[in-house]
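Work through the exercises below with the sequence and the structure at hand, and try each task before reading its solution.

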There are 2 protein chains.
Amino acid sequence: MEAKKISKTMLGRLPGYLNYLKSLPEDTNVNISATTMAKALNLGDVQVRKDLAVVSGGGRRKTGHLRETLISDIENFLDYNNTTNAILIGAGKLGQALMDYNGFEVFGLDILVGFDIDESLTRTQEGKPIYPMEELEDFCRARNVTLGIITVPANAAQGVCDRLVACGIEAIWNFAPVHLNVPDHVLVQSENLAVSLTALRMQLKERDKAAVE
Amino acid sequence: MEAKKISKTMLGRLPGYLNYLKSLPEDTNVNISATTMAKALNLGDVQVRKDLAVVSGGGRRKTGHLRETLISDIENFLDYNNTTNAILIGAGKLGQALMDYNGFEVFGLDILVGFDIDESLTRTQEGKPIYPMEELEDFCRARNVTLGIITVPANAAQGVCDRLVACGIEAIWNFAPVHLNVPDHVLVQSENLAVSLTALRMQLKERDKAAVE
């Protein structure tokens, strides 16, 4: 089966729909139209209609979508009801920020533990545990871990990645600013903040130049 | 003048070229070819050649690029030699991770201070200062701040954004998982980690489905 191609911009809108639908008072009309949602969220009518059609099929012409159905259709589409077990490697400031952020759980991600080469960071009492790196393989073997989050410095990232792959990790969420080489069966999603930042700064520079000329 | 359209994937490769060129031992040949770089970085020959041509013009047929020239051309292209003054709003864990990360400075970003609505976070002694929100306008007026980083919860982000725009901020780097409405002259770059995560999880799910079928 070929994976559906869903644009990231559409994926980006779906959580907003969900928040909006869930935020409506309990006694709100059980039906809701794409037009109402578009207005509330300051989006195009046609865009919302199309998104909802992909996720939930077309609403009824006159009555729109049934609110509860729409909520569960979006959640199923985004696979929020299943949980992916993840571990995080590199429990520095960014790593700990990601570990301590509860918000990912609604998106179906459970960061079980963090690992760090610096054993002074080891903790088992408060917050999510942090283990020394040498326990990585045993932990992965014991638990069904499918996703690894890499938040180590750039020069350590490939080595960590190789160890994760050897542990049977299927997907890597990479925050280190390097390209990772992985076998074909492993998925990688990289967050390169420096690239986003540079893109923003370059736009700013070009715009300022344009304003001068 | 129209801003050059540079792909993000190309922007993503340039820092890698820079690291590689800078990492070469001092006594390395002063000339370097796209082929050598492509091999070292595990990239396509043609791709590297094209990237370097955009940034630095074509190398000489036989001798390739002069290493020092290439380094400064890439740095200029990425505008790393100028500094953008930034402030950060929302000094929670993610906010503090970004503030304390020294790595952005090489990319031309200087996060001067953070602001937070929680005054118990106020600090002026160690690390980058954190000020209470009420000092935002005065600070922006006093310093030449062009970029605002938003790391507040989703429901507070638009309010913070409006205040930044009123302060004359020209670009916003948004980490809150919401769409921000800004006037046309303000640039926004959003980092939506939940979207990246969901995209990764959906690919994983589709692939596992494909493997079963």
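**Exercises on the contact between two chains**

Exercise 1. Find the salt bridge that joins B:Arg201 to A:Asp79. The side chains of these two residues meet at 3.5 Å, N to O, where a salt bridge is a side-chain nitrogen of Lys or Arg within 4 Å of a carboxyl oxygen of Asp or Glu. Between chain B and chain A the count is four salt bridges.

This is a predicted model, in which local features need pLDDT of at least 70 and side-chain atom pairs count only at pLDDT 80 or more, while totals for chains, interfaces and linings use all residues. Residues are numbered from 1 along each chain as its sequence is written, chains are lettered from A and ligands numbered from 1 in the order in which they are written, and side-chain values use heavy atoms, leaving out hydrogens and water.

Exercise 2. State how many residues each chain brings to the contact and what area is buried. First, with contact meaning heavy atoms within 4.5 Å, chain B gives 57 residues and chain A gives 57 residues. Next, the buried area (accessible area, 1.4 Å probe, that two parts lose on being put together, summed over both) is about 5200 Å², and carbon and sulfur atoms give 65% of that.

Exercise 3. Determine how chain B is related to chain A. Superposing by least squares on the C-alpha atoms of residues with pLDDT of at least 70 in both, a rotation of 180° with 0.0 Å of shift along its axis brings chain B onto chain A, with RMSD 0.1 Å. That is the relation of a two-fold axis. The same surface serves both copies, since 100% of the contact residues of chain B recur in chain A.
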